[in-house]
Amino acid sequence: MKRNIVLATVAAAALIGGGTVAAYAGSGDDGASPRQSDVRVADDRDDAPKGDSDDRDDAQDDRDDARDDREEAAAQARGADVTAAEAIAAALERTPGTAVSAELDDDGSRVWEVTVVKADGTEHDVRVSAGDGKVLSDRRDDDDDGRRDLAALKGSTVDAREAAEAAAAKGTVVEIDLDDDGPAVWKAETTKGEWNVGLKSGAVTAHHDDAGQDDDRNDRDDD
């Protein structure tokens with residue numbers, strides 16, 4: 001009976017303290033020699049930091065998202081005979097001003113939506129057929145971002161059409177847009193990824209949402 005009590009006490013101590021505990025249990029009334037019992041408990045390996053694993057998972061998620069974006073862009077580009085640069089030229093011929101974006105509609109209508117800002121800051125949404133380049137409509141937009149866009153483009157030497165042509169070296173362009181969240185650049189989405197185009201240099205570099213390094217490099221190029 002005493003032997004059982006000792007073993008139970010040692011086991012409890014091992015569970016509380018962790019690691020390996022060597023216990024010597026006394027003999028009963030038969031005078032048997034004491035023997036050693038090893039009680040092992042689980043270590044803290046399950047509590048080890050998982051930062052590396054989480055980082056790998058996040059990196060894989062980013063790669064998956066980038067692949068999905070490229071596949072979506074490729075699907076948009078199919079059947080579009082008119083390039084982004086050509087759509088911008090057609091929109092500006094109808095509505096003179098400054099083009100600040102052009103996007104190939106992803107609803108299957110095969111239409112370019114080009115945003116043109118007039119000198120007074122008013123915005124116009126010009127829809128251009130991606131099949132034959134004809135202007136389908138021109139609607140004034142009540143958005144008040146026009147003046148801000150013109151201010152961001154002040155002093156630039158690369159316009160939206162030229163930026164689209166430069167980005168085309170990195171795949172078929174499905175969207176070109178003025179990105180002024182940081183140092184202003186043209187941001188292009190192509191079938192091979194996303195790219196920045198310098199407003200002055202026209203240099204094309206990879207776009208990273210979370211780094212800002214490419215924006216800084218474009219800004220240095222433009223200076």
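**Burial, helix packing and the nonpolar core**

Glutamate 189 counts as buried, since its relative accessibility is 16%; buried denotes a relative accessible area under 20%, exposed one over 50%, and partly exposed the range in between, computed with a 1.4 Å probe on protein chains only. The model is a predicted one, in which local features need pLDDT of at least 70 and side-chain atom pairs count only at pLDDT 80 or more, while totals for chains, interfaces and linings use all residues. Residues are numbered from 1 along each chain as its sequence is written, and side-chain values use heavy atoms, with hydrogens and water left out.

The chain contains six helices and ten strands. These elements are DSSP runs numbered from the N terminus, with helices (H or I) of at least four residues and strands (E) of at least two. Of the 223 residues in the chain, 31% are buried. Contacts are defined by heavy atoms within 4.5 Å. Among contacts between residues at least 6 apart in sequence, 42% join residues at least 24 apart.

Glutamate 189 belongs to strand 8.

Helix 3 (residues 84-94) packs with helix 5 (residues 160-167) at an angle of about 170°, and the axes of the two helices are 8 Å apart. Axes are lines fitted to C-alpha atoms, for helices over the stretch in contact, and angles between N-to-C directions run from 0 to 180 degrees. Helix 3 and helix 5 are therefore roughly antiparallel to each other; angles over 145 degrees fall in this class, those under 35 count as roughly parallel, those from 65 to 115 as roughly perpendicular, and the rest as oblique. The crossing of helix 3 with helix 5 is left-handed, a term for a near helix turned anticlockwise from the far one by less than a right angle, with clockwise giving a right-handed crossing. Helix 3 contributes Ala84, Ala85, Ile88 and Ala89 to the contact, and helix 5 contributes Ala160, Arg161, Ala164 and Glu165. By class, the residues of this contact comprise six nonpolar, no polar and two charged. In this classification Ala, Val, Leu, Ile, Met, Phe, Trp, Tyr, Cys and Pro are nonpolar, Asp, Glu, Lys and Arg are charged, and the others, Gly among them, are polar.

Buried positions in helix 3 are Ala84, Ala85, Ala87, Ile88, Ala90 and Ala91. The elements covering the buried residues of helix 3 include strand 3, strand 4, strand 5, strand 6 (135-141), helix 5 and strand 7.

The largest nonpolar core has 34 residues, and those with the most contacts inside it are Ile88, Trp112, Val114, Val128, Ile176 and Trp186. Such a core is a set of buried Ala, Val, Leu, Ile, Met, Phe, Trp, Tyr and Cys residues joined through side-chain atoms within 4.5 Å. At least two residues of this core come from each of helix 3, strand 3 (98-104), strand 4 (111-117), strand 5 (123-129), helix 5, strand 7 (173-179) and strand 8 (185-190). Helix 3 gives the most, with six residues.

In strand 4, valine 111 is buried at 4% relative accessibility. Beyond the neighbours within four places in sequence, valine 111 contacts Glu103, Leu104, Asp105, Arg127, Val128, Ala130 and Leu136. Valine 111 and arginine 127, 16 residues apart in sequence, have C-alpha atoms 6.4 Å apart. Threonine 115 is also placed in strand 4 and is buried, with a relative accessibility of 14%. With neighbours within four places in sequence again set aside, the contacts of threonine 115 are Thr98, Ala99, Val100, Ser101, Glu123, His124 and Asp125.

Two loop positions were also examined. Aspartate 105, in the loop between strand 3 and strand 4, is buried at a relative accessible area of 11%. A C-alpha separation of 9.6 Å relates aspartate 105 to arginine 127, 22 residues away along the chain. Alanine 119, in the loop between strand 4 and strand 5, is exposed at 78% relative accessibility.
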